Amino acid sequence: MSRVLIVGAGLTGSVCAYLLRLEAARSLQLVVWDKAKGAGGRMATTRSPSNPSVTVDLGFQFITASPDYAVKHQRFYDELLKHHICLPLNALVEGMIVKEGNHSYVTPCGVSAVVKHYLKQSGAEIFYEHHVTEINLRDAKWEVCRKSGSSEWFDVVVLTMPTPQILELQGDIGKLIKKSQKQQLEAVTYSSRYALGLFYESGTQIDVSWAAKYIPNNSCICYISIDNKKRNIESSVVGPSIVVHTGVQFGTQYLESDKKEVQKMILHQLEMLLPNLPHPASIKCHKWRYSQVTQAVTDCPGQMTLHSKPLLVCGGDGFTHSGFDGCIDSAITIVKALDTDL
Ligand SMILES: Cc1cc2nc3c(=O)[nH]c(=O)nc-3n(C[C@H](O)[C@H](O)[C@H](O)COP(=O)(O)OP(=O)(O)OC[C@H]3O[C@@H](n4cnc5c(N)ncnc54)[C@H](O)[C@@H]3O)c2cc1C
């Protein structure tokens with residue numbers, strides 16, 4: 001039985017695991033490792049440090065399907081709607097640019113529910129706090145080493161993290177990646193931004209007419225969402241939560257700054273924009289060093305095979321484009337690349 005390791009429990013990794021379980025001709029032992037404490041990656045749902053039932057989506061906000069993707073990925077949309085993981089967006093989002101024929105969806109239980117659904121369906125063994133540091137080729141198998149704990153052997157390895165994190169990996173992988181592939185991976189670029197999560201006691205009133213709002217022409221903040229309102233959850237059931245995204249220019253300018261100082265700057269701007277906002281019970285500041293893809297890998301849409309026999313493949317939104325459909329496209333292409341070998 002082939003032992004397959006998927007590195008990354010984000011959307012690409014989870015859909016890969018799900019499709020492999022559905023489509024692989026033979027039985028596989030599927031293993032997922034992620035360095036984080038939970039599932040989601042950039043689709044993580046973060047809990048309040050003071051009350052775990054209050055959550056906020058610090059990254060991914062809306063699933064938006066174009067008419068073409070609604071048809072191409074219909075089975076994925078239908079499944080998420082059938083399981084009530086997604087609902088059509090009904091709340092008011094000020095300043096949202098809606099292209100004709102596009103449909104947007106929200107995730108009532110938080111966006112990580114999408115990733116958790118695919119992981120559960122895959123039946124994979126999932127290990128968090130497994131930070132891959134090194135990959136070596138030993139006797140036609142991959143020896144995968146992690147930050148703490150012993151290394152393990154796999155027949156196939158799939159990497160789904162942002163491309164700069166693939167290039168950071170040590171060991172034989174550095175020698176196995178062809179010069180031209182390395183150049184392609186190095187050329188992928190991502191925007192950077194900060195996100196702030198504000199968590200409130202249940203019943204706190206946030207007095208704004210919208211559920212989310214895009215803020216044009218602000219040097220710091222580009223988006224604010226009353227996260228529970230956006231997701232159609234009553235704030236009397238669980239406390240309201242707010243997510244604030246900074247613009248990319250701000251994110252880039254303060255990328256290496258002290259996070260506490262950055263948090264202060266964002267809160268100051270927020271107070272100017274919403275002076276009557278109540279005091280939150282707790283706050284979380286997150287830096288998205290790799291937020292959205294601004295330049296994807298050219299000439300190998302979906303995935304890149306770094307080594308065959310044994311297979312080492314990488315994918316993710318850096319090989320297509322950021323968003324739900326970009327990750328699904330990449331996962332489908334990865335599974336096709338693996339199909340011949342499994
Ligand atoms: C602020 C923000 C807002 C966004 N808003 C939207 C939106 O509204 N709509 C939309 O369609 N898209 C949005 N996106 C983009 C979307 O979130 C991404 O395109 C998508 O989540 C990428 O998924 P992925 O699985 O390819 O990568 P990731 O989600 O980055 O998954 C990679 C995983 O690999 C893990 N990992 C990395 N290195 C290692 C290692 N060495 N060892 C083990 N594990 C490792 C990481 O912990 C992570 O879980 C947004 C992104 C951000 C950051």
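Colleague: How much space lies in the second largest pocket?

Modeller: Rolling a probe the size of a water molecule over the atoms shows where empty space is left. In this predicted model, the second largest pocket holds about 200 Å³ of space.

Colleague: Which residues line the second largest pocket, and which helix gives the most to the lining?

Modeller: The lining consists of Leu198, Leu267, Leu270, Glu271, Leu274, Pro275, Leu277, Pro278, His279, Pro280 and Ile283. Helix H10, residues 259-273, gives the most, with 3 residues. Sorted by class, the lining has 9 nonpolar, 1 polar and 1 charged residues.

Colleague: Which residues touch the most other members of the largest nonpolar core?

Modeller: In soluble globular proteins, nonpolar side chains tend to be buried together. Here the largest nonpolar core has 43 residues, and Leu11, Leu20, Val114, Tyr118, Phe324 and Leu338 touch the most other members. Among the elements that each supply at least two residues of this core are strand S1 (2-7), helix H1 (11-23), helix H4 (112-122) and helix H11 (324-339). A second, separate core of 29 residues includes Ile135, Val157, Leu169 and Phe319.

Colleague: With which residues is valine 114 in contact, leaving aside its neighbours within four places in sequence?

Modeller: Valine 114 is in contact with Leu11, Met43, Ile63, Leu80, Ile85, Thr107 and Phe324.

Colleague: Why is H4 described as largely enclosed by the rest of the structure?

Modeller: A residue counts as buried under 20% relative accessible area. In H4, 8 of the 11 residues are buried, so this helix is largely enclosed by the rest of the structure. The buried residues are Ser112, Ala113, Val114, Val115, His117, Tyr118, Leu119 and Ser122. After H4 comes glycine 123, with a positive phi near 65°.

Notes. Residues are numbered from 1 along each chain as its sequence is written. This is a predicted model: local features need pLDDT of at least 70, side-chain atom pairs count only at pLDDT 80 or more; totals for chains, interfaces and linings use all residues. Side-chain values use heavy atoms; hydrogens and water are left out. A nonpolar core is a set of buried Ala, Val, Leu, Ile, Met, Phe, Trp, Tyr and Cys residues joined through side-chain atoms within 4.5 Å. Buried means under 20% relative accessible area, exposed over 50%, partly exposed in between (1.4 Å probe, protein chains only). Helices (H or I, at least four residues) and strands (E, at least two) are DSSP runs, numbered from the N terminus. Contact means heavy atoms within 4.5 Å. On a 1 Å grid over the protein atoms alone, a cavity is a set of points where a 1.4 Å probe fits but cannot get out, and a pocket is an open set with protein on both sides within 12 Å along at least five of seven lines; lining residues have an atom within 4 Å of a point. Grid points are joined across faces, edges and corners, and a volume is the space filled by probe spheres set on the points. Ala, Val, Leu, Ile, Met, Phe, Trp, Tyr, Cys and Pro count as nonpolar, Asp, Glu, Lys and Arg as charged, and the others, Gly among them, as polar.
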